[in-house]
Structure formats: structure tokens, C-alpha cells
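Open the model in your viewer and keep the sequence panel beside it. The stops below say what to select and what is there.

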Amino acid sequence: MFAGQRVIVVGGGNSAIQIAAELGPLASTTLATRRPVAWTPQRPLGRDLHWWLKHTRFDIAPIRRLLAKIPVSVIDDGTYRSALDRHGVGRRAMFNAFTTDGVLWADGTYEPVETAVFATGYRSAFGYLTGSGALDGTGAPLHRGGLSTMVEGLGFVGMEFQRSFSSKTLRGVGRDAARLLHRLSAVRR
């Protein structure tokens with residue numbers, strides 16, 4: 001599908017890097033990011049990073065303010081970084097605009113593009129709860145540890161820093177869901 005195309009992958013996190021690495025052998029691929037890609041080793045001191053996060057309990061620490069200031073980094077054992085290099089996937093500062101058949105880069109150059117892939121993460125949206133009293137003025141849930149502070153019997157899971165650094169990860173969402181279910185059960189008694 002992408003063979004021979006000119007492709008831009010937008011984003012600087014793990015998903016964007018992995019997509020660009022897979023497209024590299026097939027298409028002329030460029031990574032467009034707002035800042036240079038930051039790399040974090042997958043296996044510091046011989047152990048997987050997730051092992052360290054779990055065993056140091058760092059991933060359950062309530063340190064949102066500190067972690068929110070750290071820029072996104074790509075966790076890699078070297079596989080993706082070398083794939084990008086091997087297949088000539090370059091990185092450029094974010095483009096300024098789309099045209100009908102390409103992009104205008106920040107330096108003013110135009111480049112034709114057949115495909116743009118956006119791997120820019122997500123932003124939670126709770127519009128379906130508008131008017132319920134469960135949201136603040138910005139549309140964010142009013143909660144403590146996932147349990148709504150405004151609507152009885154309502155809970156949230158999988159939100160960034162819901163309870164800890166790992167709340168939005170596969171490692172943390174199960175733990176948060178179990179705690180939330182326990183708290184919701186206690187409210188119903």
C-alpha cells in the first residue's frame with residue numbers, strides 16, 4: 001500500500017517511531033516532530049525499564065507535577081533507532097501547513113506527500129457527560145483516584161496520572177480498576 005510513496009509520520013513518541021521504522025523499508029519516510037526525539041534505554045543496567053518502574057514502585061508514586069514536566073521520550077533497545085538509520089528515515093521540525101498535495105516545512109520549502117500518518121497520542125474527551133455535574137469548566141472529570149466527587153456511582157479508569165504515573169498504562173489500569181471497583185462497591189452498600 002505504501003510502497004514507493006512519500007510518507008510523513010507526525011509524532012515523537014513510541015508509536016510514531018515504530019510506524020516510521022516499519023514504513024522505512026517501503027516508502028520514503030520522514031518523521032515530523034516539534035522537538036528532537038528523546039531516547040530512553042529499554043534495558044538500563046540489564047533489566048527492562050518496566051521492571052525497574054515496578055520494583056522501585058516509581059510507577060505508582062503520586063508524582064504527577066514532576067513527571068508532567070518531563071518531555072516524551074521513546075523507550076528503545078536500539079532496534080527502532082537503528083531501523084530509522086538503516087532505512088534513511090530522517091527527522092524534520094514540524095511542518096507549518098498542508099497544501100493540496102504536500103506540506104510546507106518550517107524553513108519555507110515545499111514537499112509533495114502522498115500520505116501523512118498522525119501518531120500524536122490522544123486527548124480524553126468526556127462530552128457525553130456534559131450537564132451531569134461530573135466535569136469541571138474545562139471538561140475534565142472531577143474525581144479523586146478515579147471516583148467521581150460529584151456523581152455517585154461514577155468512576156473513571158485509564159486516565160493519565162489518575163492515581164500514578166502508570167495509571168494510563170497496561171501495568172497500572174488493572175490496579176486502578178480493581179481499587180475503583182472496591183470503592184464503588186463500598187458506596188453502594
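Begin with helix α1, residues 14-23, where A16, I17, A20, A21 and L23 are buried. Buried means under 20% relative accessible area, exposed over 50% and partly exposed in between, with a 1.4 Å probe and protein chains only. Helices (H or I, at least four residues) and strands (E, at least two) are DSSP runs, numbered from the N terminus. Look down the axis of α1: its buried residues fall within an arc of 165°, so they line one face of the helix. The arc is taken from the directions from the helix axis to the C-beta atoms. An α-helix has 3.6 residues a turn, so residues three or four places apart point the same way.

A note on the source: this is a predicted model, in which local features need pLDDT of at least 70 and side-chain atom pairs count only at pLDDT 80 or more, while totals for chains, interfaces and linings use all residues. Residues are numbered from 1 along each chain as its sequence is written, and side-chain values use heavy atoms, with hydrogens and water left out.

Next, show what covers the buried residues of α1: this includes β1 (6-10), β2 (28-33), β3 (39-41), β4 (74-76), α4 (79-86) and β9 (115-118). Select I17 and its contacts (heavy atoms within 4.5 Å). Not counting residues up to four places away in sequence, I17 touches L31, V37, W39, V74, Y80 and L84.

Now colour the largest nonpolar core, which has 16 residues; V7, V9, I17, A20, L31 and L84 have the most contacts inside it. A nonpolar core is a set of buried Ala, Val, Leu, Ile, Met, Phe, Trp, Tyr and Cys residues joined through side-chain atoms within 4.5 Å. The elements giving two or more residues to this core are β1, α1 and α4, and the largest share, five residues, comes from α1. Apart from this core lies another, of eight residues, among them I8, A32, M94 and V113.

Stay in strand β2 and pick T33, which is buried at a relative accessible area of 3%. The T33 side chain reaches the backbone oxygen of R35 at 2.7 Å. Leaving aside neighbours within four places in sequence, T33 is in contact with G11, G12, R91, R92, A93 and M94.

Move on to the open sheet of three strands, in the order β6-β7-β8 with antiparallel pairing. Two strands pair if DSSP finds at least two bridges between them. The edge strands, each pairing on one side only, are β6 (97-98) and β8 (110-112). Two bridges join β6 to β7 (residues 102-104), and A97 stands opposite L104 in β7.

Finish with the aromatic rings. Rings of Phe, Tyr and Trp (its six-membered ring) pair if their centres lie within 6.5 Å; planes under 30 degrees apart count as stacked, over 60 as edge-to-face and the rest as tilted. The count comes to five aromatic pairs. The rings of F126 and Y128 have centres 6.2 Å apart and planes at 55°, so this pair is tilted. F126 is buried, with a relative accessible area of 11%, whereas Y128 is exposed at 63%. F126 also pairs with F156: centres 5.5 Å apart and planes at 85°, so edge-to-face. F126 lies in the loop between β9 and β10 (143-144) and F156 in the loop between β11 (147-148) and α5 (170-188), so the pair ties together parts 30 residues apart in sequence. F156 is buried, with a relative accessible area of 6%. Lastly, select F95, F98, W105 and F118, which form one aromatic cluster.

How values were computed: A polar contact is a pair of N or O atoms within 3.5 Å; within protein, one must be able to donate a hydrogen and the other to accept it, and residues adjacent in sequence count only if both atoms are side-chain atoms.
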